[in-house]
Amino acid sequence: MNQDWRGALIRRLLLLVGICLLLGAISGQYAWALVLGLGAYLCWTLHQLLRLHTWLKHHQPDEPPPDSSGLWGEVFDSIYHQQRNEQRARARLQAVIDRAQESTSALKDAVIMLDSDGNLEWWNPAAETLLGLKTLQDSGQPIGNLVRHPRFKEYFARNNYLEPLELPSPLSDSLHLQFHITQYGNQEHLVLVRDVTRLHQLEQMRKDFVANVSHELRTPLTVISGYLETLLDNVEAVNPRWLRALQQMQQQGGRMQNLLNDLLLLAKLEATDYPSDNQPVAVDLLLLSIKNDAQALSGERQHRISLEADPHLKLKGSETELRSAFSNLVFNAVKYTPNEGQIHIRWSGDEHGARLAVQDNGLGIEAKHLPRLTERFYRVDSSRASNTGGTGLGLAIVKHVLLRHRAHLDIDSRVGQGSTFICHFPGTQVVRRGK
Ligand code: ADP
């Protein structure tokens, strides 16, 4: 095929030159004959170019190109074939896009595509029902203008979307939504939004139930513990056969009271996202008082507890919550470190924020337990835990308090060598006083 048009082109040129030479021989004006011939060829070429241009500009999608021969015919056909191939590919792609759009339109979950600046590019109808997006007005708007919740803004800016985010819908507080964000391509985002109202209600029922039961159990338990204390205060009046039983009842009553207190504290922590108090807390003084309490808890077990705290570093948040989190970590170190063991508490800052490390050289924890340690009632060894009188809620409280202070917990531990619990606080929570 290629050879065909090449041969025809050469033949045509040779014929033209031949005719020009013949005309030159007849007229004796070789140069003029050649100019005339080439001029005619140029006109013909321009004519073909014009036909091509007109066809390209005005042709209908399936209209074939004008007839032509030789090189021009080849050019017309190649362009026509390329256009047909492109049309077919475009139709195939459009069909794929249509099917993808049809299936996402049928989804109950909202799907939103954002460009690299976080502006809305495309969304399915569910996004309109769940978030109230409106096709004409909202296209191209930043997502932060439509989902205005401060937690969403913070989550979106963080660029770390491993955990989903739960929020009430901008349309109604009774509608609870879960946001999953995925980054792809050139910093574009795909936002998936699910209606989790039912799950949220169940979770709320669970929280309310635990909080109510704990609250209701507190009064009878206080009465029982009170009577037990009165009885034990008058030991001489008590039948010696009952003494040991009463002592054990008092001890277990104390454990139940601790458990109820921890459950109520957890319920309180779960009720809101952030502590209402946000004053700078003098962590060094707080740790000093916790250290003294820990030394008292250690008593005859004589742990060596040391404290190193930067007095210029303060932490924004609730002192009561921070006290319960930090004391849980330090008291755990006392509970799970053998007599005369070493415990080191360190409060320090760096360019990323501040950290509290509680290090002990106690029993240590096997690596397989570490990911589950902050779950409620998770215990490495239940016999060990019941000896220490722990509630199994201490580290769950620590996790919640840290979450509310935008911090996280790292645990590093080796069996037989000891453990280090580190709370990392971001720079936004830290207040530095000039040295
Ligand atoms: P508990 O009230 O049982 O201490 P926590 O939630 O405070 O509950 O701790 C969970 C488990 O983690 C404990 O049962 C214990 O086995 C383990 N643990 C916590 N702190 C330490 C530590 N410093 N050294 C060794 N094990 C620890």
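This is a predicted model: local features need pLDDT of at least 70, side-chain atom pairs count only at pLDDT 80 or more; totals for chains, interfaces and linings use all residues.
Residues are numbered from 1 along each chain as its sequence is written, and side-chain values use heavy atoms, with hydrogens and water left out. Local features need pLDDT of at least 70 and side-chain atom pairs count only at pLDDT 80 or more, whereas totals for chains, interfaces and linings use all residues.

**Domains**

Begin by colouring the chain by domain: domain 1 (5–100), domain 2 (107–195), domain 3 (199–271) and domain 4 (279–432). These bounds come from an automatic or database domain assignment. The centres of domain 3 and domain 4, taken over C-alpha atoms, are separated by 25 Å. Ten residues from domain 3 and 15 residues from domain 4 form the contact (heavy atoms within 4.5 Å).

**The largest nonpolar core**

Next, select Leu315, Leu322, Phe326, Trp347, Leu356, Cys423 and Phe425, which have the most contacts inside the largest nonpolar core, a set of 42 residues. A nonpolar core here joins buried Ala, Val, Leu, Ile, Met, Phe, Trp, Tyr and Cys residues through side-chain atoms within 4.5 Å. Buried means under 20% relative accessible area, exposed over 50%, and partly exposed in between (1.4 Å probe, protein chains only). Among the elements giving two or more residues to this core are α9 (240–271), α10 (283–298), β9 (342–350) and β12; helices (H or I, at least four residues) and strands (E, at least two) are DSSP runs, numbered from the N terminus. Helix α11 gives the most, with seven residues. Domain 3 and domain 4 both contribute residues, so this core lies between them.

Centre the view on Cys423. Leaving aside neighbours within four places in sequence, Cys423 is in contact with residues including Phe326, Leu329, Leu356, Leu402 and His408.

**Aromatic pairs**

Now display the aromatic rings; the whole structure holds eight aromatic pairs. Rings of Phe, Tyr and Trp (its six-membered ring) pair if their centres lie within 6.5 Å; planes under 30 degrees apart count as stacked, over 60 as edge-to-face and the rest as tilted. Phe326 and Phe425 have ring centres 6.2 Å apart and planes at 85°, so this pair is edge-to-face. The two residues are 99 residues apart, with Phe326 in helix α11 (residues 319–335) and Phe425 in strand β12 (residues 418–426). Both Phe326 and Phe425 are buried.

Move to Phe152, Phe156 and Phe179, which ring pairs link into a cluster. Phe152 and Phe156 also belong to a second, separate core of 24 residues, together with residues including Ala110 and Ala127.

**Arg406 and Tyr274**

Select Arg406, in the loop between α13 and β11 (408–414). Its charged end sits over the ring of Tyr274, 4.4 Å from the ring centre; the criterion is NZ of Lys or CZ of Arg within 6 Å of the ring centre and within 35 degrees of the ring normal. Arg406 has a positive phi of about 55° although it is not a glycine, and at 35% relative accessibility it counts as partly exposed.

**Further single residues**

Gln187 lies in the loop between β4 (176–184) and β5 (188–195). Its phi is near 60°, a positive value in a residue other than glycine, and its relative accessible area is 43%, partly exposed.

Finish at Ser225 in helix α8 (residues 197–233), which counts as buried at 14% relative accessibility. Its C-alpha atom is 6.3 Å from that of Gln250, 25 residues apart along the chain.
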